[in-house]
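Student: I have a model open and would like to learn how to read its features. Could you take me through them one at a time?

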Amino acid sequence: MFSFSIPDVWEKIDTIEQACEAAFKLKQPWTDMPEDPARDVLLLHPKEHPPKKGFATPEGQARMLHDLASIELQAMELGVRTLVEFPEAPQGFKEELVAVTVSEAQHLRMCLEGIEALGYKWGDWPVHSALWRAVSSEDTLLDRILIVHRYLEGSGLDAGDTLIRRLEGTAGKDTIQKIVKQINFEEIGHVNFGSVWYREICRENKIDAAVDFKERMASLRVRLPKRVEPINRVLRTKAGFSEEEIKYFEDLRLDFLARKA
């Protein structure tokens, strides 16, 4: 069984399919979760990370991929975590989540290989666990879907689009930008997975998804990492967000920006 105590990032990638298979077969929820999953690199709060260089430099591009790798690693781990914490989830949901989790592992591998192609390596900079810490063993399945797939990964669509534009005109346009573009394109499907199942589980439980979305976000937002990238309406729409939901995130972004000022 995949262990969150395994620190080696490549071992985690290599064992992810077996981990998903084992998690898929669980009948009882596994709730013994570590505060942070093990890492083979320095784990620090984002505020303690060193300054970043610009994307015009190979180091700046490698650092960006390193940050993205950390996010993909947490997304992969959160996929397994949801499978083991919610064995009672619908069969179709779990089957699709396995595919999403394996895809996250592929994204992680792409980032790690891109870092090495630039002459750097995993561990040259510290990483964080903000995504992992945004969830809780007390979550309901709807909480988890909203946090991981609709908020965190949805915010990733906005950030990914910004990264793609920033890489335009750099030496990494035909290499590093290609990696980010592929990941961002495939993440649309990951986020849409969350949008579809959020509404389906609401429907199965006779919950008004439109009402629940605002109420649930209001209760969860206090523990969510603050995201201030401009909301990409086109990508969000492709990923299954309604006009009302997009407007909610635009207003939330403005609120986050006001609090930073």
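Student: Which residues does S155 touch, not counting residues up to four places away in sequence?

Tutor: First, the ground rules: this is a predicted model, where local features need pLDDT of at least 70 and side-chain atom pairs count only at pLDDT 80 or more, while totals for chains, interfaces and linings use all residues. Residues are numbered from 1 along each chain as its sequence is written, and side-chain values use heavy atoms, with hydrogens and water left out. Contact means heavy atoms within 4.5 Å. Here S155 touches R227 and R236, leaving aside residues up to four places away in sequence.

Student: Where does S155 lie, and is S155 buried or exposed?

Tutor: Helices are DSSP runs of H or I with at least four residues, numbered from the N terminus. S155 belongs to helix 6 (residues 141-167). Buried means under 20% relative accessible area and exposed over 50%, with partly exposed in between (1.4 Å probe, protein chains only). At a relative accessible area of 6%, S155 is buried. Its side chain also reaches the backbone oxygen of Y151 at 2.7 Å.

Student: Which residues line the largest cavity?

Tutor: On a 1 Å grid over the protein atoms alone, a cavity is a set of points where a 1.4 Å probe fits but cannot get out, and lining residues have an atom within 4 Å of a point. Grid points are joined across faces, edges and corners, and a volume is the space filled by probe spheres set on the points. The largest cavity has a volume of about 80 Å³, and its lining includes Y151, S155, R227 and R236. Helix 6 and helix 10 (243-260) are the elements that give two or more residues to this lining. The largest share, four residues, comes from helix 10.

Student: Which residues of helix 2 are buried, and why do they line one face?

Tutor: An α-helix has 3.6 residues a turn, so residues three or four places apart point the same way. In helix 2 (residues 16-24), the buried residues are I16, A19, C20 and A23. Seen down the helix axis, these buried residues fall within an arc of 95° (taken from the directions from the axis to the C-beta atoms), so they line one face of helix 2. Their cover includes helix 1 (9-14), helix 3 (58-85) and helix 4 (91-117).

Student: What is phi of K206, and where is K206 placed?

Tutor: Most residues other than glycine have a negative phi. Phi of K206, however, is near 55°, a positive value. K206 sits in the loop between helix 7 (176-204) and helix 8 (209-220), and K206 is exposed, with a relative accessible area of 77%.

Note on methods. A polar contact is a pair of N or O atoms within 3.5 Å; within protein, one must be able to donate a hydrogen and the other to accept it, and residues adjacent in sequence count only if both atoms are side-chain atoms. On a 1 Å grid over the protein atoms alone, a cavity is a set of points where a 1.4 Å probe fits but cannot get out, and a pocket is an open set with protein on both sides within 12 Å along at least five of seven lines; lining residues have an atom within 4 Å of a point.
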